[in-house]
Structure formats: C-alpha cells, structure tokens
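Colleague: Could you walk me through this structure, one topic at a time?
Modeller: Gladly; let us look at it together.

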Amino acid sequence: MTTATERLRLVAVLRVSTKGQIDGYGLPAQRKDVKKWAKLNGVRLPESLILEDKAISGADDERPELMRALLMLAAGEVDGLLFPNMDRLAREMTVQEATLSVIWAHGGRAFTADGGEVEQDDQDDPMRTFVRQVMGAAAQLERGLIAKRLRTGRKLKGEKGGYAYGAPQYGFRANEDNELEEVDTEQAGRARARELRAQLDRGGKPMSYRAICDKLTEEGHKTKRGGKWQPTTVARLLDDEYRERHREHSARVRTQSKETKRQARAQRVLGKVT
C-alpha cells in the first residue's frame, strides 16, 4: 500500500548509458515521466532536484548523481529518491538492492514513476521482498537473453564468413558496408609467417613463434597496430586450436571479472554513504 506523498522532498535520478537509449527511453522521456508522477502525487519537483547520470552504464561503478542523491538523503536534505523505473536505478539486481537498503537505512523512501513506492522490507511480510526480487531477477534475465541473442547472431554471421563485431583479425579490415576485405600488406605478413613456420630445423622441428617474431620484424612486416610482434600474436595467427583456447580463456576471465565487479559495486554503494 502506497502512503501519502504530499509535502515529501524527493530528488529524482535519471540515467542513460548509450546513445541508442536517447532514441528509446532517453532523458527527455524519463524527465517527463518523473515530473508527471510528481504532479499526480502532489510532490514538488524543481529542476534542481532532477539529477542526470549521462552516458553511464547501469552496471558502472561510477554513478556520481546517484551518489549525490544518496548523500543528500543522508544529510536530511530530502526525504527520498524517485526513479523513472527500477532499470534506471541500476540494471543489476544486486546494485538495486544495495541502493534500496541505503535509502531505507537512512529512513528514506524510494519511488518509481511507473510503479509508485518501493515499499521497505518487512519481516512480517516476506512475500513483499520476494516479489520485488523476483521481478528484478526476471528483468535482469530478460536483458541477459536479449544480449545472448545478439551475441549468437554475431557468432553465426562470423561463422558464415561475415564480419560480426570487434577488431577484424590480422589480414582483414571492415569496409563501409561492414564486410571484411583483405589488407594486402597484412596478407603478405600472414603468408610469410606460414612460410617461416613450415621451415624445419635439423631436428625436424618447426621454427619457434619467437623466432618468427624476430624474422617478421627484421623483414619489416607490421602488426595490425604497428607494435612489436609477440609469440602469442603469432600463435593466434597460425594455430586455430590455440586461437580458440585463447578465446575461451579470455571469455572465462571476462566472466569472472564481471562477477567480481558486480559484487564490488553493490558494496561500494553501501560503503559510500553508510
């Protein structure tokens, strides 16, 4: 049940993370929604109390305007925070829950323009917390599924020989139509690296990656970025299995890093104003 909101001093926090959101649910639309909600609920919301975190990811560590709003609450300058919706508070449920806990710890109230008050946890009503967290988890799942579909589409395109995303591999570049085309100088470097690898020493072993690096540098073959050749770069260039293992290892590292950062963000929200 939503309680009276008249005479409440609220600060609204808006957020956009990419230029694409400006065409969707951007700042103008968010501003319109929070002002409409404030008017309908008898809350005075001057422009000075509408804060904007611009071009900042909902999963980002740095949310200066959100932190500013929380500090205003801690100082007793406002009674609560207003968001366009929970997704604009933060994409990740852990950050959402951490922020709400800070608001409630300071005796504040949290509102969203699309749902009204986010009611504080009540030990006598565990279903309230359960429903909120399930809805947050469902929203996070939906975003994850959308991202997965995009990654799958890019992967399939890449498997068919098209340019999907990221930096094209050595020997290619993306043209204006976002299709791969060969780079003559780099193709020459690829061919030369293969030739060198095929050369066997007296023991019947192929030339080492480090020796190939030295030879490519000596002959004036440039890397994609013009830097120094590295054995791992040559290995990825010549060995498909190595390249796949390296890709899988990098993916695992990124996943682990994201999880660590996710937990750290929630703790950072708690620590900055408690």
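Here is our conversation about confidence, the sheet and the helix packing.

Colleague: Which element of the protein chain has the highest mean pLDDT?
Modeller: This is a predicted model, where local features need pLDDT of at least 70, side-chain atom pairs count only at pLDDT 80 or more, and totals for chains, interfaces and linings use all residues. Residues are numbered from 1 along each chain as its sequence is written, and side-chain values use heavy atoms, leaving out hydrogens and water. The chain's mean pLDDT (the predictor's confidence in each residue, from 0 to 100) is 76, with 68% of residues reaching 70 or more. Among the elements (DSSP runs numbered from the N terminus, helices being H or I of at least four residues and strands E of at least two), helix 1 (residues 19–23) has the lowest mean, 46, and the highest, 95, belongs to strand 3.

Colleague: Over which residues does pLDDT stay under 50?
Modeller: For this stretch the model has three contacts beyond four places in sequence, a contact being heavy atoms within 4.5 Å. The stretch is residues 19–23.

Colleague: What is the strand order of the open sheet?
Modeller: The sheet has five strands with mixed pairing, and two strands pair if DSSP finds at least two bridges between them. Its edge strands, each pairing on one side only, are strand 2 (50–53) and strand 5 (116–118). Neighbouring strands are turned by 30° against each other on average, direction ignored. The order is 2-1-3-4-5.

Colleague: Which residue in strand 2 stands opposite A12?
Modeller: Strand 1 (residues 10–15) pairs with strand 2 in the parallel sense, over four bridges. Opposite A12 stands I50.

Colleague: At what angle does helix 5 run to strand 4?
Modeller: Helix 3 (residues 64–74) lies across strand 1, strand 2 and strand 3 (80–83), at about 145° to strand 2. Helix 5 (residues 93–105) lies across strand 3, strand 4 (109–112) and strand 5. Axes are lines fitted to C-alpha atoms, for helices over the stretch in contact, and angles run from 0 to 180 degrees between N-to-C directions. For helix 5 and strand 4 the angle is about 135°.

Colleague: How are helix 3 and helix 5 oriented to each other?
Modeller: L66, L70 and L73 in helix 3 meet T99, V102 and I103 in helix 5. By class (Ala, Val, Leu, Ile, Met, Phe, Trp, Tyr, Cys and Pro are nonpolar, Asp, Glu, Lys and Arg charged, and the others, Gly among them, polar), this contact has five nonpolar, one polar and no charged residues. The two helices pack at an angle of about 20°, with axes 9 Å apart. With angles under 35 degrees counted as roughly parallel, over 145 as roughly antiparallel, 65 to 115 as roughly perpendicular and the rest as oblique, helix 3 and helix 5 are therefore roughly parallel.

Colleague: How does helix 7 lie relative to helix 8?
Modeller: Helix 7 (residues 184–198) packs with helix 8 at about 135°, their axes 10 Å apart. That makes helix 7 oblique to helix 8.

Colleague: How many charged residues are in the contact of helix 8 with helix 9?
Modeller: Helix 8 (residues 209–218) and helix 9 (residues 231–238) pack at about 100°, with axes 8 Å apart, which means that helix 8 is roughly perpendicular to helix 9. Y209, R210, I212, C213 and L216 of helix 8 make the contact with P231, V234, A235 and L238 of helix 9. By class there are eight nonpolar residues, no polar ones and, as for charged, one.
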